[in-house]
Amino acid sequence: MKPSLLQTLLEDQKALSVRFQPIFRLSPYGNQVDGMEGLIRGPAGTSFERADVLFDYVRRKHAETAVDRSCIVAICRAVADLPPNTRINLNVHASTLGENPDFVDFFRRQMHSLSLPLERFTLEIVEHAPNYNVPGLACNLRALRDLGVRIALDDVGLGTSNYRMILDCHPDYFKVDAYFVEGISRDADRRAVVRSVLCLAKEMNAGGGGGSSLAGRHIHVEPNGHRALSGAPSLSTAVAAGAMRQGFSGSASRRGATRAWRQCRAVRAYATKTGRNPPEAAGVSVTGAIPGLRSLREVRQLSLGTALITRRTYAEGFKLVIKRTSCHSQASRSAGNVSTFHLKSLFDVPALRFSKG
Amino acid sequence: MPHRILIIDDDDQLATAYKEYLCAQGHQVDCAQELEEAQALLTHFSYAVVITDLRLSKLDFGGLNVIRYIRELALKTRIIVFTGYGWPELQAEASAHGVDAFFRKPAQLAALAQTVSELAGVQA
């Protein structure tokens, strides 16, 4: 008898695969990778490879705690291959923190076994169930903060990531769901919503001492005016590591796209000459390392509008994942060998303006 | 015309055999062994036809819950039940939830595939 999917997830180390999604710090002088969010994918080649389907199943099995731990173990193994200064975001259910007094011990032991400093980590709290153990959650969050771990609240504004959860978690980072960010430059109501969360973050940070920020699946905006961007390509560990070593900066401009294309061309030439795979070749830019992109036009499309993602791209581990709620319907509508994702919303960010003070 | 099909059965070997046959017909096929897997898949994907056993474990008739779940979601998915249990009461309850076809295990692959194509075509 074949083991159940849950057994497979918990017992087979290869069942869960890890991707890293860069978080960019935006600045007029160039974007820098601020850290990587560790993402989990289910068994390859199945419909449970998609994280939303996988965790829907996990929640229905009430197995969040066990699977969260398996995910943390898998991500931390992969993190060990990244450069030592890379900041890492991990997702954890509030129920996992609320109902497991030994979670902090588990987390500390896990990091200790891999010699990973706890200060590198931000735990992103996710929850879909309306009830969770608030005292237990608060206790574990306090212990984690004492160890130097930062806390983020994921999907602020959706579901259970509401005002109550904000109070219960007192997050260092607010991650605003993409629903509120997409098209923000054209929508005054969305700007108002995001501004309100920014104000909230500033107010809550007043007595908290540093680090509190407004974050988004697509943008992070800190009270001091710094902005960051997530929702960019999710990368295999090898590519993420290479990107971090090379000081990869996202190309959100035409000039950036041109530079990425030139890097891409140079890397390909170098790879052809040396017989090495492009991701292993020096000077890789993540944009340029995407095999499906062969022309400047396509790179521009990636940076400025629409990306074409081939099955080959997917198979080689360079899948572009645009984390947003409406992405799934688009993905499911994709046909043949080409999926189309609209990336323009990623680059609406520069149009976002916040008044200070 | 290819369709997306979901097979729900705790008998992995049987489900795999049906899957391979239907895939060879050009359909895209997912398999689920238990109720929660099926519910997660039905929530996120649109299936033209669901083929389900009534008994998904030795303990309960989870297949009926799958059928109820599909109807609760008001999905237009067509439902085929294939089961080793020909109990009239079970069949009556399944029929009451709008099951489109019944097959006794082991079903003839060609007949099953024919019914899948017919039901999916009608839906389309």
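Which residue in S5(B) is the bridge partner of B:Ile80? The points below work towards that residue, starting from the strand that holds B:Ile80.

1. The model is predicted. Please read every point below with that in mind.

2. Start with strand S4 of chain B, residues 78-83. The strand is mostly covered. Six of its six residues are buried.

3. Both faces of S4(B) are covered. One side carries B:Arg78, B:Ile80 and B:Phe82. The other carries B:Ile79, B:Val81 and B:Thr83. A charged residue, B:Arg78, is thus listed among the buried ones.

4. Now the pairing with strand S3 of chain B, residues 49-52. Four bridges join S3(B) to S4(B). The two strands run parallel. Within S4(B), B:Ile80 is the bridge partner of B:Ile51.

5. Strand S5 of chain B covers residues 101-104. S4(B) and S5(B) are joined by four bridges and run parallel. Here is the reply to the opening question: B:Ile80 has B:Ala101 as its bridge partner in S5(B). B:Ile80 is also buried.

6. Next, the contact between the chains. Chain A gives 13 residues and chain B gives twelve. On the side of chain A that touches chain B, helix H2 (51-60) and helix H14 (327-333) of chain A each supply at least two residues. The largest share, five residues, comes from H2(A).

7. Last, the make-up of that side of chain A. Its residues divide into five charged, four polar and four nonpolar.

Conventions:
Residues are numbered from 1 along each chain as its sequence is written. Chains are lettered from A and ligands numbered from 1 in the order in which they are written. This is a predicted model: local features need pLDDT of at least 70, side-chain atom pairs count only at pLDDT 80 or more; totals for chains, interfaces and linings use all residues. Two residues are in contact if their C-beta atoms, placed from the backbone, lie within 7 Å. A residue is buried if 20 or more other C-beta atoms lie within 10 Å of its own, exposed if 12 or fewer, and partly exposed in between; C-beta atoms are placed from the backbone. Two strands pair if DSSP finds at least two bridges between them.
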